[in-house]
Amino acid sequence: MTSYINHPLLKKDAIESRLYQQILAGDVLKKGNTMVVAPTALGKTIVAILVAADRLYKVKNSKVLVLAPSKPLAIQHEASFKEFINLPCTSITGAVKTDDRVTRWEESRIICATPQTIESDLLNGRYDLSSVSLVVFDECHHGVGSYSYVYLASRYVQESKFNLILGLTASPGSDKFKIKEVCENLYIQNIVVKTEEDSDVKPYFNPVEIQWVRVKMSSELEKIKEHVDKSLKVRLKALKNMGVIKTVSVNKLDILKARGRVQGEIARNTNPDKELFQAISILSAVINIQHAQELIETQGVQTFNKYVARLRKKKTKAAKSLMWDDNFGRAVKMAKEAEKHGWEHPKLREITKIIKKELGDEGQTKLKTSRFNDKSDEHSSKIMVFTQYRDTLEMIHQKLEKEGIKSAKFFGQASKDGEKGLTQKEQKAIIKSFKKGEYDVLISTSVAEEGIDIPAVDLVVLYEPVPSEVRMIQRRGRTGRKRTGRVKVLITNGTRDEAYYYSSIRKEDRMKNQLIDPDVLEELNASAIERMENEKRVKVIEKPKKENDFPIVFADSREGNSKVIRHLTEMEIDVKVRSMAVADYQVSDEVAIERKTAKDFVDSIVDKRLFKQAKELSEEFKHPIIILEGDDLYTGFINPNAIRGSIASIAIDFGISIIPTRNAQDTAAMIKRIAVREQNGERTPIQIRTDKKPVSLLEQQLFIVESLPNIGPVNAKNLLQHFGSVSEIFNASESELQEVEGIGKKTAQNIRKVIDSKYLYFEKEIKEKKLL
């Protein structure tokens with residue numbers, strides 16, 4: 001007879017009494033901040049619910065915050081907590097309007113949310129964490145680097161009077177240092193590990209059978225790969241002769257390191273050798289070829305051909321060199337012919353065979369004779385297929401549809417190559433249809449690895465292995481929830497498929513050994529406790545009693561996703577987020593700061609934003625400043641002298657001070673120092689520039705002409721001085737345009753092309769409407 005857990009806040013007969021879950025919850029409540037590591041489908045969410053119920057009952061009028069890395073997972077948690085706890089529960093994600101988020105926070109006792117949304121609300125002062133008695137970090141292995149979990153944990157420990165942290169994960173990773181980083185960042189003092197081998201878990205754990213399915217690369221693919229290999233070999237030999245690499249036996253990581261060394265050499269030289277830029281171009285081509293190799297080996301010609309089509313659109317020397325390369329060209333030609341004849345990767349035939357077999361009589365027999373043999377098992381098999389690439393996903397989908405197999409594509413929200421991503425609403429609709437049996441197969445990219453509620457999947461097929469133990473565990477966790485699970489991994493003999501699979505196995509074994517090693521656990525726990533003690537010592541430091549005593553910094557709303565605002569709030573700065581017309585930060589009526597990372601600085605030189613922004617800054621403020629953040633300014637493809645010339649122009653021509661900083665934290669510290677100096681302890685009103693100064697007629701004319709191809713400020717002035725008006729420029733012929741100094745034949749042709757070409761969007765819109 002089934003027994004249930006009784007608690008004043010839990011719904012009656014809602015949660016089955018499982019000893020290991022109660023012990024886990026008890027450990028958290030007794031020992032403090034805890035990471036629970038357990039296989040998928042063992043009920044980690046139930047553990048969180050049990051801990052939450054206890055905290056909400058004992059800490060009167062407190063709240064529980066449940067954080068999840070994705071919107072679907074946050075909403076899924078909301079449904080779970082509503083199902084089991086008798087208290088107001090809500091979800092807060094970026095899809096919810098600002099005012100509604102505040103209302104939901106105030107009116108609810110349990111808030112399930114995405115961390116980025118909560119971070120944004122905290123930074124904007126919409127609410128705080130002082131009343132939160134428990135924070136649950138689901139998929140807590142994300143708590144590294146600058147991910148929002150890290151900031152929220154720190155903020156929570158500082159603000160809450162009765163803090164408790166619970167981290168949940170099935171896969172914290174194989175790297176001991178990463179596990180240690182997660183523990184330190186989330187203030188974890190105790191790690192509890194549950195495995196499928198534990199005696200109290202076994203009765204509830206459905207084993208997962210893993211089968212390798214080996215395929216042999218076809219002769220057509222071998223020939224295509226042979227030409228790609230030759231193309232790669234030529235470039236590797238060139239790099240070796242240049243002294244960039246020591247041997248031609250290199251992998252992707254070796255090439256990335258080599259590129260970093262060459263970029264560093266370019267940065268250190270005032271006048272870099274042209275050979276260094278040539279090496280950068282060759283290294284980029286090598287990276288492209290290595291990716292093409294992987295697609296041929298592990299995916300198929302359709303995916304390869306689509307990648308080549310994207311390469312053709314690139315304007316880089318590396319991409320162009322591949323298109324002109326004889327060997328690579330032969331590979332491309334052969335791949336096109338192979339696709340025309342339907343000569344695909346053997347994996348495609350194998351995956352079709354596996355799915356057909358699973359959906360046939362044999363698959364149904366297996367289901368009906370499962371060891372649980374209850375009525376819920378007597379339905380058609382549900383199959384998930386995972387693949388790395390959206391191109392491959394489309395290829396598999398088309399193949400299954402031709403075979404009469406009902407399948408659905410499931411991928412992320414980002415658009416790619418003209419294909420729109422799936423909205424959250426569309427994703428939910430697909431999952432719902434899959435659950436109802438409208439589709440037999442769900443084909444997904446990595447988006448479904450984590451946090452998507454897809455119960456009762458009978459078979460998971462991996463089109464290719466991935467070299468990450470975390471991702472392999474997450475994919476495997478999609479099956480074995482209701483009955484014995486099965487996973488089939490397709491591996492092409494003699495390719496990187498094998499290396500990736502062995503790598504994930506080794507990493508998973510290392511992870512398990514570290515998590516059950518008492519010495520490692522003791523070291524991790526000691527490190528976390530030390531950080532907690534350090535945090536407490538920091539909190540003893542006297543702070544101003546009133547927020548009004550803090551220096552004030554106005555930040556543009558577009559900086560909301562940067563880590564600078566986060567660090568400013570940690571430095572006793574009163575940050576006000578506003579929509580600003582000019583600059584990223586303002587600390588007085590006269591001083592405004594434009595923050596640029598090294599990459600953004602270089603990009604803004606290329607796309608001509610830099611001098612326009614510099615002009616606006618110098619016109620709007622008496623003492624404008626540009627903070628240049630990062631030490632990798634000269635590691636791109638642009639000539640260092642062009643960067644130096646731009647810096648000199650900003651300082652001399654526009655009178656803007658340029659201050660270098662190392663990272664976001666250093667930038668925040670510099671902004672604080674400038675604010676303290678400017679405000680000098682006084683809280684005087686600051687006039688924020690929400691609108692730019694009116695633009696003059698001349699500025700508008702220059703702006704229009706500068707938008708023409710290859711036209712900068714100098715050429716724009718020359719054109720206007722020569723023709724006298726914008727309309728005369730637009731009416732000028734190619735030959736007339738070439739009469740102006742600085743305007744060559746190619747530039748004149750491009751200008752006429754932009755002016756004369758028909759606007760194609762309207763035609764495209766009509767076609768789309770006709771299709772609908």
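Tutor: Helices (H or I, at least four residues) and strands (E, at least two) are DSSP runs, numbered from the N terminus. The model is a predicted one, in which local features need pLDDT of at least 70 and side-chain atom pairs count only at pLDDT 80 or more, while totals for chains, interfaces and linings use all residues. Residues are numbered from 1 along each chain as its sequence is written, and side-chain values use heavy atoms, with hydrogens and water left out.

Student: What percentage of the chain's residues is buried?
Tutor: A residue is called buried under 20% relative accessible area, exposed over 50% and partly exposed in between, with a 1.4 Å probe and protein chains only. Of the 772 residues in the chain, the buried share is 49%.

Student: Which elements cover the buried residues of H17?
Tutor: The buried residues in H17 are Gln424, Gln427, Ile430, Ile431, Ser433 and Phe434. An α-helix has 3.6 residues a turn, so residues three or four places apart point the same way. The cover over the buried residues of H17 includes helix H3 (71-84) and strands E9 (383-386), E10 (407-410) and E11 (441-444).

Student: How many residues of H10 are buried?
Tutor: Helix H10 runs over residues 274-298 and reaches 37 Å from its first C-alpha to its last, close to the 36 Å expected. At its start, a side-chain oxygen of Asp273 comes to within 2.8 Å of the backbone nitrogen of Glu275. H10 is mostly covered, and the buried count among its 25 residues is 20.

Student: Is Ser604 buried or exposed?
Tutor: Ser604 sits in helix H22 (residues 598-606). Leaving aside residues up to four places away in sequence, Ser604 touches Lys596, Arg609 and Leu610, where contact means heavy atoms within 4.5 Å. Because its relative accessibility is 0%, Ser604 counts as buried.

Student: Why does Ile505 count as partly exposed?
Tutor: Ile505 lies in helix H19. It counts as partly exposed because its relative accessibility is 31%.

Methods:
The expected span of a helix is 1.5 Å times one less than its number of residues. A polar contact is a pair of N or O atoms within 3.5 Å; within protein, one must be able to donate a hydrogen and the other to accept it, and residues adjacent in sequence count only if both atoms are side-chain atoms.
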